[in-house]
Amino acid sequence: MRPQQLNAFLAVAQTRHFTQAAENLGVTQPSLSKQIQALEHELGAAVFTRARGRIELTDIGRTLLGHARRITAAHEAARADIDDVLAVRKGRLRLGATPSLCSWLIAPLLVRYAEAHPGVTVTLTEDGSEPLSERLAAGDLDLAFTIGGTPTEAGLAVQPLLSEALVVASAAALPPLTRQAHIGLAQLREQPFVLPAHGYDLRKLTIATCEAAGFTPIVAVDGGATDAVASLVEAGLGIALLPAMIAAASPGLRATPIAPPGASRTIALTARSEAPPTKAAKAFADCLQAHLTDLHAWGRLPEGMRTV
């Protein structure tokens, strides 16, 4: 039974008049009659009796009436929900992000997104770039903010957004590592390091940056989240490579810029390349671009951050 047939049946059942029902539906009477005939053919029984100029429901018609109303209501509800999703009035967004991005970038961005699309439910997952990429490739996430400019999983597309400078963080209560405005990475060869825990993007980046400068970092303390690393460095247990924004937010740290060419990390938006984005995800990506454009135009990007 097609929706058009059920709509025709309900219109006639309500008006008990073919001409009036056709006018209500905006169709011709012959077209309406064909819909009813097709419905009766499919059911194998008449739904109306036509006697003495009156149209009445048959037993089959009365049995069908309640079902037709429920089916039509469900069809209309489905269409309304689909229209809402297409217009991003409803839906869901499964978003992943590395922990260091959630305070300064994700929170205000989600506020902006919620104001534009209040009916979309957002689920936020915090983790390192590698597990986020795995979940994205598996279809468990729609979008993810990751560190690095190249995908770590097949079937993913990475869009670089921001470049964030790294600095050498040391305890402000201790003597400075250098009296110069910048410090060369090679000068850190004999310094003890506080490394983030395994799985953190910053740990891999620290080791790779040191090895590119020709040495393996001496590890004084191994493990901890970014906040814990900052606290351990502040206590004087070692130095660390930290994003400039994080170091600047810690009064007990001294942030020393790295001599040119410096060191940085790339913040990117990662999505599946083999599947089209959902309407909610597309709207979020558009909101993100507008947000970054505004931050750049207003000069509100955090210290050491630039758009790419």
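Tutor: Rings of Phe, Tyr and Trp (its six-membered ring) form an aromatic pair if their centres lie within 6.5 Å; planes under 30 degrees apart count as stacked, over 60 as edge-to-face and the rest as tilted. By this rule, the count is four aromatic pairs.

One of them joins Phe18 and Phe48 edge-to-face, with 6.3 Å between centres and 75° between planes. Phe18 belongs to helix α2 (residues 18–25) and Phe48 to strand β1 (residues 48–51), 30 residues apart; helices (H or I, at least four residues) and strands (E, at least two) are DSSP runs, numbered from the N terminus.

The model is predicted: local features need pLDDT of at least 70, side-chain atom pairs 80 or more, and totals for chains, interfaces and linings use all residues. Residues are numbered from 1 along each chain as its sequence is written, and side-chain values use heavy atoms, without hydrogens and water.

Student: What makes the pair of Phe145 and Phe284 edge-to-face?

Tutor: The centres of Phe145 and Phe284 are 6.2 Å apart and the planes stand at 75°, so the pair is edge-to-face. This pair links strand β5 (residues 143–147), which holds Phe145, with helix α10 (residues 279–298), which holds Phe284, 139 residues apart.

Student: Why is Thr270 called buried?

Tutor: Buried means under 20% relative accessible area, exposed over 50%, partly exposed in between (1.4 Å probe, protein chains only). Thr270, in strand β11 (residues 264–272), has 1% relative accessibility and therefore counts as buried.

Student: How do you know that Ile60 is partly exposed?

Tutor: Ile60, in helix α4 (residues 59–86), has 39% relative accessibility and therefore counts as partly exposed.
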